[in-house]
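Here are my comments on the model you sent.

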Amino acid sequence: MRFSGFGEVSEGKFDFVKNARYFFIFSIIITVLGVITLGIHGLNYGVDFKAGSNVDIAVKKDLTGQKDAIEQYLKDNDFGSPALTVGANRVTVRFDEVLTDQKEKALKEGFAAKFDKEASAEVNTVDVEIAKELQTNALYAVLVASIGIVIYVSIRFEWRFAIAAIVSLLHDAFIVISLFSIFKLEVNLPFIVAILTIIGYSINDTIVIFDRIRENLRFAKIKTAADVARLVNESIWQTLTRSINTVMTVVVAAACLLIFGSESIKLFSLAILFGLVSGAYSSIFIASQLWLVLKNKQKPKAAVKSPAAS
Amino acid sequence: MNRLLAFILIVVLSAGVVAGTSSWIFNDVKLGLDLKGGFEILYEAQPIEPGGTVTKDSLVETAKSLEARANATGVTEPEVTTEGSNRIRVKIAGVTDETKVRDILKKPAELTFRSARGCAADKGYCKVELRGSDFKQNGASVNQTNLNAYEIAIKLKSAKQFAEVTREIAKLSPNNQLAIYLDETQLSAPNVSSEINSNEAVITGNFTRDEATDLKNTINLGALPLKLTEKYTQSVGATLGKLSLQETVWAGVIGTILILLFMMAFYRLPGIIASFCIIVYIWLLLLGFNLIDATLTLPGIAAFILGIGMAVDANIIMAERIKEEMRSGKSILSSQKAGSKHSFRTIIDAHVTTTIAALVLFFIGVGSVKGFAVILLLSIIISVLTNVFFSRLLLTLIIRSGIVKKKSYFGVKESEVRAL
């Protein structure tokens with residue numbers, strides 16, 4: 001990929017600023033879709049956010065054909081009819097009620113004796129109260145982190161950059177939450193960690209472009225709003241290789257975790273992967289353009305002349 | 001020439017240190033229970049008798065007794081921490097009989113005062129004379145005598161009962177001790193020289209201040225034992241844990257190799273230096289782990305691998321910037337100078353904003369979120385050290401040594417360079 005250094009953006013190159021309105025519309029549609037699915041499906045809460053017990057059993061034998069037998073075994077041994085998923089090397093049993101430690105032991109030993117001697121289990125049990133607390137705690141953390149970032153960016157840059165950065169990071173977090181709602185993927189405590197990581201990356205991604213805009217502003221002779229728009233477009237182009245390369249490397253890392261990593265962090269890696277793509281998208285197509293919209297509002301006269309002020 | 005020598009020396013030296021110590025460092029990393037099997041329980045403590053409140057002292061005391069009990073079952077390094085005002089988190093890795101350990105932990109701590117009354121000679125103090133509930137709640141306190149010794153004043157509910165007990169024990173001389181036990185551990189065995197007809201008494205001994213405070217807290221806890229309810233449990237089978245570790249480390253290795261190959265192919269000389277710095281970064285991060293005694297868990301490994309992504313970003317920003325400067329027609333030397341200078345501010349801004357997020361997670365988060373934040377913070381600090389300062393040092397040395405003459409070493413084609 002060749003780009004133009006400090007010079008003018010050559011003809012025929014894609015204009016990120018002129019086309020901003022399409023990206024805004026696209027993001028708004030996705031967000032609205034997310035709000036709708038969240039309203040209808042909500043999130044598929046895992047054991048960390050909904051009381052109950054989750055038993056994950058790694059097995060050496062292939063038990064896919066024995067789902068009925070396992071179901072029958074659970075019924076016969078007083079475990080009720082919990083949700084059961086049988087995979088090639090993993091059996092997951094989800095109880096809506098909390099398993100006592102005696103029952104937990106009985107299940108582990110009983111299962112090992114009946115189906116696979118080498119079965120190894122992971123059991124998670126969470127009380128409702130703790131589950132709710134974790135959720136509010138996470139929400140609170142996001143809020144505090146956002147405020148902290150707003151303050152820092154306002155000091156180092158200006159408040160318009162801060163607003164644009166926060167909007168784009170909340171956008172990324174929300175898109176990931178929406179995608180998990182749409183595909184009914186399970187949300188557990190690591191998901192919260194993933195969202196917080198995404199926020200960190202999203203801001204990292206955006207700041208680099210903002211930094212370039214600020215630097216270019218220092219040397220540019222700005223007369224009209226169109227000049228600012230051109231400058232923003234150039235700044236995005238100048239940092240584009242970096243934006244793409246960085247996200248590619250982190251995507252490779254997250255994809256490796258998803259493909260080769262352990263079962264327990266698959267959903268975590270998937271959330272990160274969604275977030276990285278969304279983060280790269282929002283920092284290239286949304287954040288700087290949003291800053292421009294805010295900047296143009298500052299000088300209403302100039303904004304009229306600008307073709308980019310959509 | 002001197003600079004080239006310095007460059008080679010630094011590279012060889014750090015490569016040697018990394019290669020020589022890495023197996024030791026790898027083996028020293030403390031694994032969390034999700035990677036080696038074990039269980040974690042979050043208890044909520046409530047007083048057994050209604051109406052009492054959980055004090056910080058009694059919570060800490062309960063945690064200590066949990067740790068002592070876990071140790072007594074022979075498990076390795078139980079990790080017991082208090083959280084908030086009424087919670088205790090217990091992490092125990094590598095347990096064979098989990099149910100037994102959990103049963104032992106759940107029992108409230110029992111304080112007894114025992115004597116040797118009517119015991120066989122080899123049985124020690126076998127008769128329980130007083131129980132925790134015979135003492136007044138929060139009645140024990142530490143006093144300092146005018147001889148600068150520390151003593152513990154205790155208050156009982158019934159003076160009559162105490163008089164009876166002490167009268168009988170005083171007769172047993174030389175076995176006239178009223179031994180204090182928490183569960184089955186003897187804490188102290190003060191002598192009773194005569195009948196004490198009061199509901200107040202003083203225990204003297206060669207206590208240090210800390211010992212006296214500990215004993216006071218234990219007695220107060222015994223007077224108001226806490227009931228523990230399991231609020232959150234996670235238990236991982238040893239085989240499953242090992243499998244997770246193997247898979248995730250494997251994923252990390254593949255991811256890292258791919259990233260390094262990409263860096264070298266795309267950025268040439270700065271890419272090779274970046275790759276070297278990233279390996280040093282991983283080594284330093286693991287070393288930092290061991291130094292702060294952090295436990296590596298699954299989300300931790302994830303933070304680790306993503307931290308590598310961020311470290312790569314710092315290198316990409318600098319390399320990209322240097323390429324840009326070269327295309328604008330500057331010489332290699334001044335491109336490197338200007339590129340490092342300009343990219344520095346960008347990298348710091350990006351790191352500081354991520355640090356803010358990580359700090360918030362650290363202070364607000366609990367459990368695995370906190371662990372994740374620690375690793376993220378550590379990786380940010382080490383990333384700045386290795387991927388900003390160290391990689392810049394290496395690049396400066398090799399460029400100033402004068403052996404780098406072509407811009408193509410940086411992945412810049414001559415045709416892209418514009419006249420200045």
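**Notes on the predicted model**

1. Start with how chain B is divided. Domain 1 of chain B takes in 1–33 + 237–416, domain 2 covers 38–108 + 228–235, and domain 3 spans 111–227. Keep in mind throughout that this is a predicted model. The centres of domain 1 of chain B and domain 3 of chain B lie 60 Å apart, taken over C-alpha atoms.

2. Chain A has its own division. Domain 1 of chain A is made of 20–45 + 130–296, and domain 2 is 52–126. Their centres, taken over C-alpha atoms, are separated by 39 Å. Five residues from domain 1 of chain A and four residues from domain 2 of chain A make up the contact.

3. Now look at helix H9 of chain A. This helix runs over residues 266–298 and has 33 residues. From its first C-alpha to its last, H9 reaches 46 Å, close to the 48 Å expected at 1.5 Å a residue.

4. How many of the residues of H9(A) are buried? The count is 25 of the 33, so H9(A) is largely enclosed by the rest of the structure.

5. Is Asp313(B) buried or exposed? Asp313(B) is buried, because its relative accessible area is 2%, and the cut-off for buried is under 20%.

6. Which residues does Asp313(B) touch, not counting residues up to four places away in sequence? They are Asn204(A), Arg242(A) and Thr246(A). Two of these contacts can be described further. The side chains of Asp313(B) and Arg242(A) are joined by a polar contact of 3.0 Å. Another polar contact, of 2.4 Å, links the side chain of Asp313(B) to the side chain of Thr246(A).

7. Next, the cysteines. A disulfide is a covalent bond between the sulfur atoms of two cysteines. How many disulfides are there over all chains? The count comes to zero.

8. Two cysteines can be checked for burial. Cys256(A) has a relative accessibility of 4%, so Cys256(A) counts as buried. Cys277(B) also counts as buried, because its relative accessibility is 0%.

Technical notes:
Residues are numbered from 1 along each chain as its sequence is written. Chains are lettered from A and ligands numbered from 1 in the order in which they are written. This is a predicted model: local features need pLDDT of at least 70, side-chain atom pairs count only at pLDDT 80 or more; totals for chains, interfaces and linings use all residues. Side-chain values use heavy atoms; hydrogens and water are left out. A disulfide is a pair of cysteine sulfur atoms within 2.5 Å. Buried means under 20% relative accessible area, exposed over 50%, partly exposed in between (1.4 Å probe, protein chains only). Helices (H or I, at least four residues) and strands (E, at least two) are DSSP runs, numbered from the N terminus. The expected span of a helix is 1.5 Å times one less than its number of residues. Domain bounds come from an automatic or database domain assignment. A polar contact is a pair of N or O atoms within 3.5 Å; within protein, one must be able to donate a hydrogen and the other to accept it, and residues adjacent in sequence count only if both atoms are side-chain atoms. Contact means heavy atoms within 4.5 Å.
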